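Biologist: I would like to learn how to read helix packing and sheet order in a model. Please take me through it.
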Amino acid sequence: MRRAYFKNNWIAALVVAPQLLIIFIFFYWPSSQALYWAFTLEQPWGGGNEWVGLENFIFLLSDDRYWHSVRISVIYALATTALAMGMALILALFADRQLRGYKSFRIGLIWPYAVAAPAIGLAFRFIFNPSAGVASYLNYAFPDLWNPVMNGSHAMTMVIIAGAWKQVSYSFIFFLAGLQAIPRSLTEAAAMDGARPLRRMLDVQLPLLTPTFFFLLVINITDSFTDSFGIVDTMTSGGPARATNLMVYKIYEDGFRGLDYSGAAAQSIILMVLVIALTFIQFRYIERRVHYT
Amino acid sequence: MADISIREVRKSYGNDEVVHGVNLEIESGEFVVILGPSGCGKSTLLRMIAGLEDISSGEIAIADKVVNALEPRERGCAMVFQNYALYPHMSVADNIGYALKVAGMPKAERAEKVRQVASSVGLEEFLDRRPGALSGGQRQRVAMARAIIREPQVFLFDEPLSNLDAKLRVQMRHEIRRIHNRVRATSVFVTHDQHEGMTLADRMVIMNKGTIDQVGTPEQVYNAPATAYVAGFIGSPAMNFLGGQLSARHGAVMLENGAMLPVDARLAQAMDGQLVQIGVRPEALTLCQPGTGSLTATFEFYEELGSEGLHHLKIEDVPFSVLSETKMRLEEGTEIGVIIPQEALHIFGAETGRRIDTAGTARIGVMA
């Protein structure tokens, strides 16, 4: 690989400065601030704080509501990941078969990635509105069949579907690229060996997709822990009765609604550690086993 | 065992026709090599036989059964791919046995069969390895074993040796012939390498721009090329070509530089005035004193080939080479004579490129 060298170091510094500044302002500074707040008790309206050590964490870890939020976050993460990757894989397998019109499909399937989470949330809130559209007919025929405003698991289902829909395109792009990187002659060889399309998929294409699969698993799980805010905020605001109060949303709610800066800071530290640990475990122990040469 | 019958087969991608109405009969147990430059449609033809490519029009029959609409697995063909196409996530044993696994053969029986076939190609020590841990030659053997184990009616080879180094290529060539002699399955072998074609083939098919120029035994193709294209493609070093005109009065071909090469009098009579291209193989020529031979050329440079020497000459700016055991290292620009025996002349129509034989008629296309 070619490297660029700068004779004057200050030019190099000038070039990287904007990026460093952005990272510093929007990541390191808030993170370090959160880390500090997590060990202190902040006053809601400013004006001094008190060092409390691990008390914020002890309080959180003995709080049933917090554990509830962790539990539903894990459910949300696993469900959206499974749903999004499953859908993306099926779509990619079909797009890869190059059936009629697959090119326009391919572009259409990539678009949702460019849609912002709140926009998706609003659109799905409209689609799943219990008193309008399809759902209202269903509710008319079978009362209370679908009511995410009242029923917690309905609300969760709705948030999961919207979250998965948002993730599908990202996984789709990677799965399709992965499938297209498999030499055509391999599937042809399998065809000559007598395998039908489904068999070829199971025996040849899917095994060769495992590196892509694990990469996407990491990205999707991490994303669904940290990136669900926009959807939850627009669709349910964490309700009903905290049924969709995911970790990331709870941080916002406790911090900015409840003005419990310290509790929120402690929660974000826990979430950050969780995501780092997940990523580390997945890359360290799982991905290592799935490489072919 | 099965014969293959290819009738008026065409292939087009959109409006672009790449195979133009090919007819070919391949006998059961025969080893046929399809030879041609890249882009001549030879691989496409092979893939149509295999069922990996749709047939745009025409018919392909294997063992008297039209296979146009059949899936690859229903055609009874095995194929060896150019890049081997081994499954990288399976062991050598699983690669070889995959077809049997798909066919539902019990595990124990399969393992036994895999071991037999692997030992027949010298792979028994490598059964547990992944293809990534094998050398090029070993991968090639796995690909062969994977084809052999199915006991197919037809073997298809798509340039299987082109990724190997020269020495291994010769070795594998011999091995393929040996396997063919033992198994005697109908084989179709596609290559752009004329040496592979000449050495392996019972019969050769020379393709050019989507059509078959000639079908024949290696000797026939070498001794009586049907077109100027075939003549130039087969033989190394390549054949020399000179432009000229048949003249009944002289009973000869009059070359552009005025030199006369005597030909059969009846031919000159029948096609008086016909513009022709004459071809002579470098190995059929002899060097002599300037002015004493059939024509005079100027010396350009010399290439040493060991047992023989290749002399590069020029006749009026047309390159011309002579291969002979008598080695002459001359100064560039020196004049030298060349003797062209009459029987070494290949005469082709200047426009058609087709061979003109002594009967004075153009011999067309296929000679089976």
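Biologist: At what angle do the axes of helix 7 and helix 9 of chain A cross?

Modeller: This is a predicted model, in which local features need pLDDT of at least 70, side-chain atom pairs count only at pLDDT 80 or more, and totals for chains, interfaces and linings use all residues. Residues are numbered from 1 along each chain as its sequence is written, and chains are lettered from A and ligands numbered from 1 in the order in which they are written. Helices (H or I, at least four residues) and strands (E, at least two) are DSSP runs, numbered from the N terminus. Axes are lines fitted to C-alpha atoms, for helices over the stretch in contact, with angles from 0 to 180 degrees between N-to-C directions. Here helix 7 (residues 152-181) and helix 9 (residues 197-226) of chain A cross at roughly 150°, their axes coming within 10 Å. Helix 7 of chain A is therefore roughly antiparallel to helix 9 of chain A (under 35 degrees is roughly parallel, over 145 roughly antiparallel, 65 to 115 roughly perpendicular, the rest oblique).

Biologist: How does helix 4 of chain A lie against helix 7 of chain A?

Modeller: The axes of helix 4 (residues 102-110) and helix 7 of chain A come within 8 Å and cross at roughly 140°. That angle makes helix 4 of chain A oblique to helix 7 of chain A.

Biologist: In what order do the five strands of the open sheet in chain B run?

Modeller: Strands pair if DSSP finds at least two bridges between them. The order in chain B is 13-12-11-14-20, with antiparallel pairing. Strand 13 (260-262) and strand 20 (346-349) of chain B each have a single partner strand, so one side of each lacks a neighbour in the sheet. Strand 14 (residues 275-280) of chain B is joined to strand 20 of chain B by four bridges. B:Ile278 has B:Ile347 as its bridge partner in strand 20 of chain B.
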